[in-house]
Amino acid sequence: MKLKKVFFILFVSTGLMTVSQSAFAEIGWGDTQSTAVLIPPGYGYGSTIENSFDSEWTYYFNDTGKSLVLRPILESPSGLNYDFFFLTYKANGEQDMLMLATDNGAGGTDKVDIILRPGEKVYFNVIGHDSTQNDPTARYSFDLKLIYSE
């Protein structure tokens, strides 16, 4: 658990020093919603789905004081179909929405636009489309874009 936090802190520090906007996840990284890793707009990561029980959790908390439109983008590896769903939480902590992004099939790009008001939080979970959609050597990419800020 502490190793995940250390890895992420090192990533952010290195990314800021090198103006990199991409991270690469490690095995055991963000495996549950409670261990989700912060991913700010303009950043992304690459990882693998190692087996049928694996998934990757990330989140973003809107502390900007403005409403935002975010566009998470998942690019599945060639020949594999990965999906993502997201959960939004109101500023009072109440769950607001659970939604699966549109699925564009094996090797496809899945994306959706999300409105996030001040104080709200969104969690993302990347998963295999079914129990056969995983490969510990096939990397996917997940990026979070800021489309609009009010």
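A residue is called buried when its relative accessible area is under 20%, exposed when that area is over 50%, and partly exposed in between, as judged with a 1.4 Å probe on protein chains only. At 2% relative accessibility, Tyr-140 therefore counts as buried. The model is a predicted one, in which local features need pLDDT of at least 70 and side-chain atom pairs count only at pLDDT 80 or more, whereas totals for chains, interfaces and linings use all residues. Residues are numbered from 1 along each chain as its sequence is written, and side-chain values use heavy atoms, with hydrogens and water left out.

Strands and helices are DSSP runs numbered from the N terminus, a strand (E) having at least two residues and a helix (H or I) at least four. Strand 3, which spans residues 43–49, is mostly covered, since 7 of its 7 residues are buried. Tyr-43, Tyr-45, Ser-47 and Ile-49 point one way from this strand, while Gly-44, Gly-46 and Thr-48 point the other way. Two strands are said to pair if DSSP finds at least two bridges between them. By this rule strand 3 pairs with strand 11 (residues 135–149) in the antiparallel sense over 7 bridges, with Tyr-43 having Leu-144 as its bridge partner and Ile-49 standing opposite Asp-135. Strand 11 is also joined to strand 5 (residues 68–75), again antiparallel, by 8 bridges, and here Arg-71 has Lys-145 as its partner.

Within strand 3, Thr-48 is buried because its relative accessible area is 7%. Its side chain makes a polar contact with the side chain of Glu-50 at 2.6 Å, where a polar contact is a pair of N or O atoms within 3.5 Å; within protein, one must be able to donate a hydrogen and the other to accept it, and residues adjacent in sequence count only if both atoms are side-chain atoms.

A nonpolar core is a set of buried Ala, Val, Leu, Ile, Met, Phe, Trp, Tyr and Cys residues joined through side-chain atoms within 4.5 Å. The largest such core holds 23 residues, of which Phe-84, Val-122, Phe-124, Val-126, Tyr-140 and Phe-142 touch the most other members. Two or more residues are given to this core by each of strand 3, strand 5, strand 6 (82–89), strand 9 (114–116), strand 10 (121–128) and strand 11, and the largest share, 4 residues, comes from strand 11. Apart from this core lies another, of 6 residues, among them Trp-57, Phe-85, Tyr-89 and Tyr-123.

The structure also holds 10 aromatic pairs, in which rings of Phe, Tyr and Trp (its six-membered ring) have centres within 6.5 Å, with planes under 30 degrees apart counted as stacked, over 60 as edge-to-face and the rest as tilted. Tyr-45 and Phe-142 form a tilted pair, 5.6 Å centre to centre with 40° between the planes. Because Tyr-45 lies in strand 3 and Phe-142 in strand 11, this pair ties together parts that are 97 residues apart in sequence. An edge-to-face pair is formed by Tyr-82 and Tyr-140, 5.8 Å centre to centre with 85° between the planes, and this pair links strand 6 to strand 11 across 58 residues. Tyr-82 is buried, with a relative accessible area of 0%. Tyr-45, Tyr-82, Phe-84, Phe-124, Tyr-140 and Phe-142 form one aromatic cluster.
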